[in-house]
Amino acid sequence: SGFTFPHPAGRRRWMKDAHAIDPERPVQSILERHRDLGPIFEIVVFGQKFVFVTSAELAAELNDESRFVKANSPALEGLRGIAGDGLFTAHNDEPNWQLAHDLLAPAFTKHAMQRYHPVMAETLDELFAAWDAGSGRVDVSADMTRLTLETIGRTGFSQAFDSFATDEVHPFVEAMVVALTLGRRKGVLLALPGSTLLARRLDRKHAHQLDYAQRFLDDIVASRRSGATTGGDDLLGIMLEQAHPETGQRLSDENIRYQILTFLVAGHETTSGALSFALYYLTRDPEVMAKAQAETDAILGSDADATPSYEQVPRFRYVRKVLDEALRLWPTAPGYARSPRETTTLGGRWTMTPEDWALVVLPLVQRDPAAWGESADTFDPERSRTRLSSTTKPFGTGERACIGRQFALHEATMALARILHRYDVAADPAYTLRIDERLTLMPQGLEVTLTRRTPGA
Ligand code: HEM
């Protein structure tokens with residue numbers, strides 16, 4: 001048939017496959033339509049072959065670093081126009097990956113979170129002040145995005161976005177959403193004849209926003225260089241001032257711009273989505289909510305303004321389980337791609353060469369009944385771990401796994417704990433989960449009512 005892997009029936013022509021996946025909601029359409037296609041299948045969209053892996057067993061193989069490495073999917077490759085060889089989009093063998101990784105890894109250890117903790121706590125207080133002054137009606141995804149953008153901006157770059165002062169989305173964020181959507185579309189259209197022209201036309205149409213984003217990044221660097229802003233050894237300080245301890249190399253200005261953009265984007269949307277899904281599930285499940293609130297009372301006591309210390313954050317074990325379970329069902333970065341180092345056979349059956357890649361479809365892999373049993377689709381923060389549960393990898397895998405994992409977990413655990421400690425959170429019972437797919441997954445239209453509570457009661 002010309003296909004290497006199983007393929008949706010009846011769709012043989014390259015354009016027709018475009019209908020196999022809904023471009024507006026690719027992940028959800030795979031979840032809805034393709035669970036029956038088996039652990040691996042391929043779809044050809046606009047002349048490009050996409051291979052999807054959906055079982056925990058095959059994902060475990062792809063996660064084996066001795067045989068497989070990160071690959072840039074077309075969607076990721078399409079972002080190189082704005083993110084270049086920044087950490088997320090760099091190819092494995094590009095020298096700037098190792099250089100930036102070595103320079104920045106020390107800023108992301110668990111211990112390093114001590115440095116960001118006070119700013120994270122202060123930013124959260126500002127969100128609460130805005131909430132307390134408001135109507136109590138809150139758009140969860142929008143406000144979680146304000147919180148996480150503000151947090152990565154301030155901790156990483158000493159750059160505030162004034163998110164809580166206005167109802168508007170910050171123009172940089174708007175420009176990023178445009179750029180990311182464009183990038184993904186360009187990446188997917190790459191193999192089409194005329195794609196370069198099309199890409200140029202798309203760029204021209206959005207030139208205003210793309211220019212704005214460039215200027216914004218240039219300004220961040222320029223004002224730090226000129227001393228107009230200071231930030232000590234925050235991420236920007238490290239990138240501008242430090243040389244590699246062994247090679248003495250420094251990051252170029254161009255690469256620093258790529259990294260700032262990468263961190264501002266990667267550092268907020270995914271965390272915001274994780275918090276939003278967690279709040280969605282909490283508002284559906286009074287028992288889980290009660291347990292989580294009891295934990296916050298036990299740790300923070302009866303003062304609704306109490307802020308956990310850095311050392312206290314990991315003690316919110318149950319709150320953390322709620323986050324982990326939300327990230328199992330809806331991993332907000334819904335997949336990552338892997339290529340074999342050398343020609344190899346996957347699952348004892350499918351040959352893959354180093355030119356091939358397969359996408360680990362996390363929402364399916366992490367709901368594989370072989371790993372989680374028949375209740376795989378239900379939210380249960382206390383489910384017991386199994387042999388294949390090690391394939392639950394919302395932060396990716398291996399050397400190219402998420403550098404910001406500790407950052408995200410520290411920030412999100414503290415935020416969720418404090419929200420639940422301070423407020424009773426109720427969602428409209430008629431709300432059914434809708435998910436917006438950009439580069440990440442995000443609940444859409446989830447509104448909650450917040451009521452101040454008396455902790456410890
Ligand atoms: C990489 C998920 C938060 C920065 C990744 C990857 C995943 C991921 C799956 C690997 C992608 C691949 O293999 O292609 C998440 C999730 C987050 C989160 C689910 C929140 C819940 C953050 C934060 C930051 C960050 C807070 C920064 C402060 C990065 C960077 C990379 C990355 C720079 C590229 C690492 C490299 O290749 O060296 N993330 N992330 N992420 N993430 Fe995150």
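This is a short tour of the structure, stop by stop, with something to select at each one.

The model is predicted: local features need pLDDT of at least 70, side-chain atom pairs count only at pLDDT 80 or more, and totals for chains, interfaces and linings use all residues. Residues are numbered from 1 along each chain as its sequence is written.

**Stop 1: Cys402**

Select Cys402, which carries the UniProt annotation "binding site" from an unreviewed entry. UniProt positions follow the numbering used here, feature names are shortened, and annotations may be inferred rather than shown by experiment. Cys402 sits in the loop between helix H17 (369-372) and helix H18 (405-422). Helices (H or I, at least four residues) and strands (E, at least two) are DSSP runs, numbered from the N terminus. Cys402 is buried because 20 other C-beta atoms lie within 10 Å. The cut-offs are 20 or more such atoms within 10 Å for buried, 12 or fewer for exposed, and partly exposed in between, with C-beta atoms placed from the backbone.

**Stop 2**

**Stop 3: strand E5**

Select residues 335-340, strand E5, where five of the six residues are buried. Strands pair if DSSP finds at least two bridges between them. Strand E3 (residues 68-71) runs antiparallel to E5 and is joined to E5 by four bridges; Val69 stands opposite Ser339. Strand E8 (residues 358-361) also pairs with E5 in the antiparallel sense, over four bridges, and there Ala358 is the bridge partner of Arg338.

**Stop 4: helix H15**

Move to residues 317-329, helix H15. Its 13 residues should span 18 Å at 1.5 Å a residue, and the end C-alpha atoms are 19 Å apart, which agrees. The expected span is 1.5 Å times one less than the number of residues. Buried residues of H15 include Val319, Val322 and Leu323.

**Stop 5: the loop between H7 and H8**

Finish between helix H7 (140-157) and helix H8 (171-189), where Ser158 is found. Most residues other than glycine have a negative phi. Ser158, not a glycine, has a positive phi of about 50 degrees. Asp162 is in the loop between H7 and H8 too, with a positive phi of about 55 degrees. Ser158 counts as partly exposed because it has 19 C-beta neighbours inside 10 Å, whereas Asp162, with 11, counts as exposed.
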